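User: Hi! I'm new to reading protein structures. Could you walk me through this one?
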Amino acid sequence: MSIFSTKKSWINLTIWVLIIALIIAAPSVLPVFRLNLLGRYLSLAIVALGVDLIWGFTGMLSLGQGIFFALGGYCAAMFLQLNSAGEFPNGIPEFFGLYGVEKLPFFWEPFKSSIFTLISIWLLPAIIAGLLGYLVFRNRIKGVYFSILTQAALLVFFNFFNGQQKLINGTNGLKTDVTQLFGQMVGSEIMQRWFFWITAILVIFAWFFARWIVRDRFGNILIGIRDDEARVRFTGYNPVIFKTIIFSIAGGLAGVSGALYTVQSGIVSPQFMTVPFSIEMVIWVAVGGRGTLLGAILGAVLINYAKSLVSEALPASWMFIQGGLFILVVTALPEGVLGWIRTGGPKKLLFLIGINKKLETYPSLEVNEQGEVKS
Amino acid sequence: MNSPLLELKQISVSFEGFLALRDLDLALNQGELRAVIGPNGAGKTTFLDVITGKVAPTKGDVIFKEKSLLGQKEFRIARKGIGRKFQSPRIFENLSVQENLALSVSRPKTPFSLLINSLKVKHLDQIQHLMSIVNLQSKANIRAGSLSHGQKQWLEIAMLVGQDPDLLLVDEPVAGLTDEETDLTADLLKSLAGDHTVLVIDHDMEFIRRLDCPVSVLHQGHVLKEGSMSDIQKDPLVIEVYLGKSEEEEE
């Protein structure tokens, strides 16, 4: 790997400089509507990092990350609703009145505390992911069965949240944009600018965290589990524990992501737990570059930005473009865009279309007149 | 004398009525080098599966260091000091040679320790030492998947040794190797015996002869005969089930 490391770090450095320049410049350049969109997509990058950890590194394709994403969103929304419920009858959020609920359901109570909320946003999804993961991994369920199971779990959560009007406003979800925080409306411009900064910092923080996890032997065990789980076992490691930990971490990241996305889009609803949305998360990572953390971030931000631009111009065509993109990546760039760049893809492409004649190959050997290699 | 390091007592394994192992008895002493041969389907690999916890025996008991291994998880058995090399080389292809070995020498093998602690100097030295044993120092940072077949076999053996096991189970270490590599592997395994107990399974008679050690012949899930290579070759029963056939094929 060492021969690539200098080139790889060059590419990384360039991309990081671009990202940081973008983040710093964005608030003064973009109108608040665009800034808000960028903030949302940056928050999606955090859930993509989690998908990359469990899928790109550990080889477990989860189609249920929407569960943990939505849980984080609900935690944040419940707090915000309670925080601004003072003026409503009984001091509970307004929607309860529609269903004749007069007493706050018990599980809402702790969300009156901001500290509890800030912890539960990541801890609650992490615990649920850990429990679910442990049961699944202990029974050695993997591959396609794991994917199907996570999708089934997603449907269970979706149906539960969708049907419980009296507990969490069911299919309507919980609005956050008209709630109050620090005496400001959450949907106001000044708050949205703050959320953008918080998101940008947390994306970078999440990247460092994920990087720290995968950079040494822990990450190597994850790759080992992906490539040959039996060898990991016979080397004396318990794969169940490693898989549970990484799945739990991905759940926690999804929760943070969901909370940031919720406050910036103004609502959390069971729509966060639909099947297509969780599959989209996988697509971001596949396109950006499985097993490259930066690729997950780029994939999430760029695909979503492209989505909003295309949807504004050609409303009906985005699904086709996204599907086509996925097929293109799977067939032509199996390691994603970033993986392709890192393995010298652009050079090969230039060579193929005849612009660049030089292709890196073995150094040519000096030959004497008899055609023998000179020593 | 001490009790044996590993003892299989009356092991039977049945896969839906088919008896892969039948009342198998085998004992290995500390520091011993032992070869196990047998025709295809004799139960050689199943027998390793039983020791390492991959397959639960239908009947019988496996005793290692005077304790039963039955019902233990594979990784716990590995930590107790049993290393296993698979038939085809199984290494972590996407990691470098050095990273492969680092995973094998790390202690303790818990997630927390891997995340927080850096590799100890003594383990770094051990990695260097292991690479020098199998001649891979120059490949330390090369992706293991790009090694040659023989180098992969050796890397896997080095990974086993890195686990510091009392017992090494080596399944067909010379399959697909050149004659020269085969000889080097035989010498390597012989040098490992003594400090470790080594059990080698193979087909290659020339290789087994070179190991110069006691041989157990497995046939239809049962130990047919134990003894030195020259005794084995004279035994009419063994010739009938195994050697006779293979010698004819060689001619």
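Analyst: Happy to! This is a predicted model. Let's begin with a sheet in chain B: six strands form an open sheet with mixed pairing, in the order E6-E7-E8-E3-E9-E10.

User: Which strands are the edge strands?

Analyst: They are strand E6 (82-85) and strand E10 (222-227) of chain B, and each of them pairs on one side only.

User: And how many degrees does the twist average from one strand to the next?

Analyst: The average is 20 degrees from one strand to the next.

User: Let's zoom in. In which sense do E3 and E8 of chain B pair?

Analyst: Strand E3 (residues 33-37) and strand E8 (residues 197-201) of chain B pair in the parallel sense, over four bridges. If you want a spot to look for, find B:Ala35, which stands opposite B:Val200 in E8(B).

User: Found it, thanks! Which strands does helix H1 of chain B touch?

Analyst: Helix H1 (residues 44-51) of chain B packs on the sheet and touches E3, E6, strand E7 (167-171), E8 and strand E9 (215-219) of chain B. The direction of H1 makes about 150 degrees with that of E7(B).

User: What about helix H2 of chain B, what does it touch?

Analyst: Helix H2 (residues 74-81) of chain B also packs on the sheet, touching E6 and E7 of chain B. The direction of H2 makes about 110 degrees with that of E6(B).

User: Where do H9 of chain A and H3 of chain B sit relative to each other?

Analyst: The axes of helix H9 (residues 217-227) of chain A and helix H3 (residues 97-105) of chain B come within 10 Å and cross at roughly 100 degrees. That makes H9(A) roughly perpendicular to H3(B). A:Arg217, A:Asn220, A:Ile221 and A:Gly224 of H9(A) make the contact with B:Glu99, B:Ala102 and B:Leu103 of H3(B).

User: How many of those are charged?

Analyst: Two are charged, alongside three nonpolar and two polar residues.

Conventions:
Residues are numbered from 1 along each chain as its sequence is written. Chains are lettered from A and ligands numbered from 1 in the order in which they are written. This is a predicted model: local features need pLDDT of at least 70, side-chain atom pairs count only at pLDDT 80 or more; totals for chains, interfaces and linings use all residues. Axes are lines fitted to C-alpha atoms, for helices over the stretch in contact, and angles run from 0 to 180 degrees between N-to-C directions. Helices (H or I, at least four residues) and strands (E, at least two) are DSSP runs, numbered from the N terminus. Angles under 35 degrees count as roughly parallel, over 145 as roughly antiparallel, 65 to 115 as roughly perpendicular and the rest as oblique. Two residues are in contact if their C-beta atoms, placed from the backbone, lie within 7 Å. Ala, Val, Leu, Ile, Met, Phe, Trp, Tyr, Cys and Pro count as nonpolar, Asp, Glu, Lys and Arg as charged, and the others, Gly among them, as polar. Two strands pair if DSSP finds at least two bridges between them.
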